[in-house]
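Thank you all for coming; I would like to walk you through the side-chain packing of one model.

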Amino acid sequence: MTQTFGSSAINSETPPTSAFLGPSLGSRFGSARLPSGPRWRRLGPLRAPATGAAAAAGEVGPLSAGQQLSASPFLLSWEAPAPPEGGSGIMAAARSSECFVAVASTSTSKIPAPAPVYSKELKKWDEFEDMLEERRHFSDLKYAMKCYTPTVYKGLCPCKPDKIKHTVLRSEEVQYIIRQISRETHESADIIQEEASIILDEMAHKLRLGAIRFFAFSLSKVFKRIYKKVCVNEEGIQRLQRAIQEHPVVLLPSHRSYIDFLMLSYVLYTYDLPVPVIAAGMDFLGMKLVGELLRMSGAFFMRRTFGGNKLYWTVFSEYVKTMLRNGYAPVEFFLEGTRSRSAKTLTPKFGLLNIVMEPFFKREVFDTYLVPISISYDRPLEETLYAHELLGVPKPKESTAGLLKARKILSENYGSIHVYFGEPLSLRSMANGKMSRGPYNLVPRHIPQKPSEDMHAFVSHVAYKLELLQIENMVLNPWNLVATVFLQSLPRMDFDVLVKKTVWLKGLTQAFGGFLVWPDNIAADEVIHSSLLLHSNIVNLTKDQVVLKEESGEQEIAEGLIFQHITILMCVAYRNQLLNIFVRPSLVALSQQMIPGFRKEDIYSCFDFLRDVFSDEFIFFPGNALKDFEEGCYLLTKNETIQVTPQDILVTDKGDTVVSFLALLFKPFVESYQIICQYLLKEEKECFTEKQYLTGLRNYTYYLLESGDCQCYELLSSDVHKNALAAFVRLGAVSKNKSTDEYTYKVNDEATIKLEEMLGKFHLSESDSWLWWHVLGRLMKRDHLRLGVMSWRKTKLIKCPL
């Protein structure tokens with residue numbers, strides 16, 4: 001079956017958002033109209049001359065690799081053969097598919113068969129090894145006191161912390177800034193030098209082997225008690241070991257818990273790899289004893305904001321670069337900047353990434369390896385705390401007393417952790433042909449340079465690539481599926497129905513390439529029952545019914561909060577982990593729900609609009625909307641959910657169930673943003689701060705939920721509130737202005753009304769959602785049942801011939 005995307009129908013230079021937002025808001029994005037004229041005439045699928053009887057009948061056949069073709073402008077076509085023997089599911093077929101691309105050419109050319117466009121390798125369960133298994137059978141003291149001789153970069157000897165500090169303070173870059181500040185402020189250079197020394201003393205690590213051994217012993221005891229398994233892909237460890245010997249290494253883990261950096265150091269110590277030096281927030285310094293222990297185990301501390309302090313920025317960046325150039329230990333930091341409370345990947349921060357790239361661009365190192373690491377939790381330690389914070393409770397200050405109070409976690413079961421070390425990415429290879437090092441050679445290395453626009457674009461590209469790799473390697477567990485299904489039927493659900501729908505979702509997740517860990521040779525009801533027991537703080541299993549917990553019991557909740565809201569937001573966090581698998585096909589499904597008709601360019605324009613609106617909720621490559629659209633369509637086509645013609649995208653008879661589920665999955669985000677638009681239009685203040693906006697919107701949400709006018713509990717999340725505000729500023733619906741000491745916001749009524757109207761085009765009523773579950777239930781009860789499905793957009797009726 002040949003699938004064709006008529007990319008010629010889309011002007012790739014102007015994002016097609018104005019088709020929905022009109023002149024008031026859409027003018028910010030350009031036009032969605034198709035270019036006219038013979039140059040842009042859309043042709044049909046690429047076809048090869050037929051032979052034999054087909055040729056006699058005037059037919060043409062599908063193009064095969066190496067055949068001659070006449071290419072139409074901007075036409076993308078691929079041949080999707082059946083899955084190869086030994087493969088399974090959509091991704092197996094994707095690996096064998098052939099892809100043909102021809103751009104703006106009317107000449108006859110010969111094109112070889114290149115690599116597939118979307119060929120994500122499926123991860124396998126047997127790649128992981130449980131590193132706690134050995135720990136359960138041997139002495140923790142012997143483990144902590146083992147002979148520790150980690151592999152180092154090109155045989156270098158570890159550099160003592162005092163020597164690093166001396167090197168930083170005497171560096172040409174720091175001395176240049178000291179002289180510059182001295183001239184500007186007329187202060188003595190010695191005084192500024194002393195200030196730089198104090199800054200360095202505050203931030204620098206004091207790595208000690210004794211502290212590492214202490215943590216190895218302590219963490220081994222704790223992890224064995226609260227975790228069933230700590231699984232690591234040993235192939236990734238071997239790749240990392242080779243990388244550390246060749247070039248400086250930067251470790252970039254996902255950030256879902258405070259356990260992340262402790263776990264990473266624990267894993268590297270276990271495998272005799274150098275323990276990393278870790279960028280940590282200043283918050284930890286307030287913890288007596290613990291702060292210094294972290295410093296001695298490799299943590300170096302940075303302020304959350306530098307406030308334009310040139311001296312601090314220079315000392316900090318030179319300190320990081322000095323450690324990187326020496327290469328005796330990997331440098332570790334979190335691209336997201338902070339822990340994700342909602343379990344969705346946060347948009348990347350570029351500051352530290354800029355710093356670690358600079359030695360390569362200044363030719364101080366030959367290359368640098370960037371290693372994406374994905375850390376997945378069955379159950380994060382902070383799940384309840386995160387729900388409180390999302391409901392507006394301030395984050396508690398880190399303290400030793402708070403840590404001691406948290407010792408009750410030792411009696412809890414937190415399931416398993418999966419740590420996946422990705423392929424080390426060579427900065428040299430990524431920069432080749434994209435970023436020139438020439439501009440850095442025009443001035444002395446020690447003189448600070450403002451990054452160019454090209455450099456900003458390159459850093460952004462690398463950051464998003466790394467985060468997408470983190471997302472790709474995140475492990476899903478059965479509870480992610482259970483929570484997704486259960487959220488559609490709050491507050492209770494029959495256990496048997498839950499099992500059937502979860503098994504259906506399991507198949508869909510695996511078909512879309514999800515990295516799902518599901519125990520083999522165990523009945524589905526047993527797997528799901530085990531998940532319910534692990535998360536008994538959220539749901540109860542009572543008389544064959546799964547019921548959302550509405551009473552806190554012994555759990556502490558903040559004053560003014562409703563426990564049901566806490567448990568729902570915890571469920572939402574687990575569902576959010578699944579959304580990355582479905583986000584692109586779901587946006588295609590949503591677009592089909594919102595568009596009257598089936599024209600491909602209209603659906604793409606709506607897809608691009610939704611992608612832009614939700615780009616703070618999910619990670620997309622900037623400026624890559626067309627490829628994301630093609631990926632979403634590709635997955636749906638592979639699953640036989642849609643059929644793509646040169647002009648239209650049609651839902652197949654068997655695909656309506658999947659399309660409706662995907663639209664229902666993302667309905668809360670559309671509904672939340674629409675309600676936020678309505679709230680902003682009710683805003684009486686001409687200008688407001690972010691704090692006023694968050695407080696007012698939360699009160700408005702409580703009012704809607706209590707009155708029964710809204711059942712969208714995701715709207716309680718401050719994460720959604722902040723992301724929506726950022727999106728509305730980007731779309732021009734809200735303007736952002738800097739006042740004396742904080743930012744203020746002002747609503748653009750006309751643009752906000754247009755945005756609310758556009759979001760309101762999506763309609764999936766409660767009866768529609770019930771109907772979807774009803775049909776799915778019948779499908780699973782009677783496998784031989786054939787469905788003739790009529791379009792919901794026309795009749796909202798499903799015929800089920802018995």
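**Side-chain packing in a predicted model**

Cys 571 counts as buried because its relative accessibility is 0%, where buried means under 20% relative accessible area, exposed means over 50% and partly exposed lies in between, with a 1.4 Å probe and protein chains only. Cys 606 is likewise buried, at 0% relative accessibility. With a disulfide taken as a pair of cysteine sulfur atoms within 2.5 Å, the count of disulfides is zero.

Residues are numbered from 1 along each chain as its sequence is written, and side-chain values use heavy atoms, with hydrogens and water left out.

Let me turn to the cores. A nonpolar core here is a set of buried Ala, Val, Leu, Ile, Met, Phe, Trp, Tyr and Cys residues joined through side-chain atoms within 4.5 Å. The largest one has 109 residues, and the members that touch the most others are Phe 582, Tyr 693 and Phe 728. Helix H22, residues 563-594, supplies the largest share of this core, with 18 residues; helices (H or I, at least four residues) and strands (E, at least two) are DSSP runs numbered from the N terminus. Apart from this core lies another, of 56 residues, with Leu 169, Ile 199, Leu 335 and Ile 355 among them.

Now to the aromatic rings. Rings of Phe, Tyr and Trp (its six-membered ring) pair if their centres lie within 6.5 Å, and planes under 30 degrees apart count as stacked, over 60 as edge-to-face and the rest as tilted. By that rule there are 29 aromatic pairs. One of them joins Trp 504 and Phe 661 edge-to-face, at 5.3 Å centre to centre with 85 degrees between the planes. This pair links distant parts of the chain, since Trp 504 belongs to helix H20 (residues 495-511) and Phe 661 to helix H25 (residues 656-682), 157 residues apart. Trp 504 and Phe 661 are both buried.

The pair of Tyr 679 and Tyr 693 is tilted, because the ring centres are 6.4 Å apart and the planes stand at 55 degrees. Tyr 679 lies in helix H25 and Tyr 693 in helix H26 (residues 690-707), and both tyrosines are buried.

Methods: This is a predicted model: local features need pLDDT of at least 70, side-chain atom pairs count only at pLDDT 80 or more; totals for chains, interfaces and linings use all residues.
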